[in-house]
Amino acid sequence: MGISRTVARIPKGDNMKLHTPTLTEQRLLDGYAVAPTVEGRHTYAWDKLREETHKLFAALPDDLRVRFVSGQPYATAQALHNVFHTRQLFISTDFNFHPLWDEETNLRFRAIHDYYGHILTGFDFTLAGELSAYHTCARLHTDSAKHALFTEVYVQALWHEVYGEFPIQKVVLL
């Protein structure tokens with residue numbers, strides 16, 4: 001039985017090469033590939049991340065306007081960083097399925113990740129930038145939520161860098 005993993009295909013530029021994973025990264029990818037969509041014993045971490053996401057979203061600056069739009073609103077990290085000046089953050093509603101969260105929670109999570117992980121820090125969308133964004137955002141979360149955050153941010157970014165597409169979102173701790 002094959003594993004279906006594609007939910008979002010975002011083509012890389014013609015001159016970009018896919019990332020060759022380290023042994024540790026490959027183990028993460030292999031674990032994610034064979035994991036069920038929802039590992040019941042791990043849902044506690046996503047429940048905690050959901051709760052903290054809503055609190056952090058409510059704490060965003062009053063002058064920041066978050067808008068949910070179709071399409072990919074930012075072609076580059078630099079364009080996203082301009083939100084610091086424009087005070088308008090556009091979050092894509094594309095591929096907004098999550099096996100445990102409702103659409104609003106998933107969109108709010110994207111907003112929190114973009115604002116705290118990229119806009120305030122200047123980190124780009126490379127794998128190193130996503131890992132740095134994870135570490136920055138992890139400081140805002142409890143230990144339980146950090147475990148889910150790692151899968152939601154780094155493992156999915158790693159999958160994209162290696163396979164050129166985003167995986168099905170899963171509730172699994174690696």
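Predicted model: local features only at pLDDT ≥ 70, side-chain atom pairs only at ≥ 80, totals over all residues.
Is Glu-130 buried or exposed? Glu-130 is buried, with a relative accessible area of 11%, which falls under the 20% limit used for that word.

**Glu-130 and its surroundings**

- Glu-130 belongs to helix H6, and, once its neighbours within four places in sequence are left aside, the residues in contact with Glu-130 are His-113, His-118, Asp-124, Phe-125, Val-153 and Ala-157.
- Glu-130 is also one of the H6 residues that make the contact with helix H7, where the partners on the H7 side include Val-153 and Ala-157.

**Helices H6 and H7**

- The axes of H6 and H7 come within 9 Å and cross at roughly 175°; because angles over 145 degrees count as roughly antiparallel, H6 is described as roughly antiparallel to H7.
- On the H6 side the contact is made by Leu-127, Glu-130, Leu-131, Tyr-134, Cys-137 and Ala-138, while H7 contributes Lys-146, Leu-149, Phe-150, Val-153, Tyr-154, Ala-157, Leu-158 and Glu-161.
- Sorted by class, the residues in the contact of H6 with H7 are 11 nonpolar, no polar and three charged.

**Helices H2 and H5**

- The axes of H2 and H5 come within 9 Å and cross at roughly 60°, and the crossing of these helices is left-handed.
- From H2 the contact takes in Leu-49, Arg-50, Thr-53, His-54, Leu-56 and Phe-57, and from H5 it takes in Thr-105, Arg-108, Phe-109, Ala-111, Ile-112 and Tyr-116.
- By class, the contact of H2 with H5 has seven nonpolar, three polar and two charged residues.

**Nonpolar cores**

- The largest nonpolar core has 28 residues, and those with the most contacts inside it are Leu-49, Leu-60, Val-83, Leu-89, Tyr-115, Tyr-116 and Leu-149.
- Two or more residues of this core come from each of helix H2 (43–58), strand S3 (88–92), helix H5 (103–119), helix H6 (127–138) and helix H7 (143–163), with H5 giving the most, namely seven residues.
- Tyr-115, one of the residues with the most contacts inside this core, is in contact with Leu-60, Pro-61, Leu-64, Arg-87, Leu-89 and Leu-120, leaving aside its neighbours within four places in sequence.

How values were computed:
Residues numbered from 1 in each chain as written. Heavy atoms only, no water. Core = buried A, V, L, I, M, F, W, Y, C linked by side-chain atoms within 4.5 Å. Buried < 20%, exposed > 50% of the residue type's maximum accessible area, 1.4 Å probe, protein only. Helix = DSSP H or I, 4+ residues; strand = E, 2+ residues; numbered from the N terminus. Contact = heavy atoms within 4.5 Å. Axes fitted to C-alpha atoms, helices over the stretch in contact; angles between N-to-C directions. Parallel < 35°, antiparallel > 145°, perpendicular 65-115°, else oblique. Nonpolar A, V, L, I, M, F, W, Y, C, P; charged D, E, K, R; others polar. Left-handed = near helix turned anticlockwise from the far one by under 90°.
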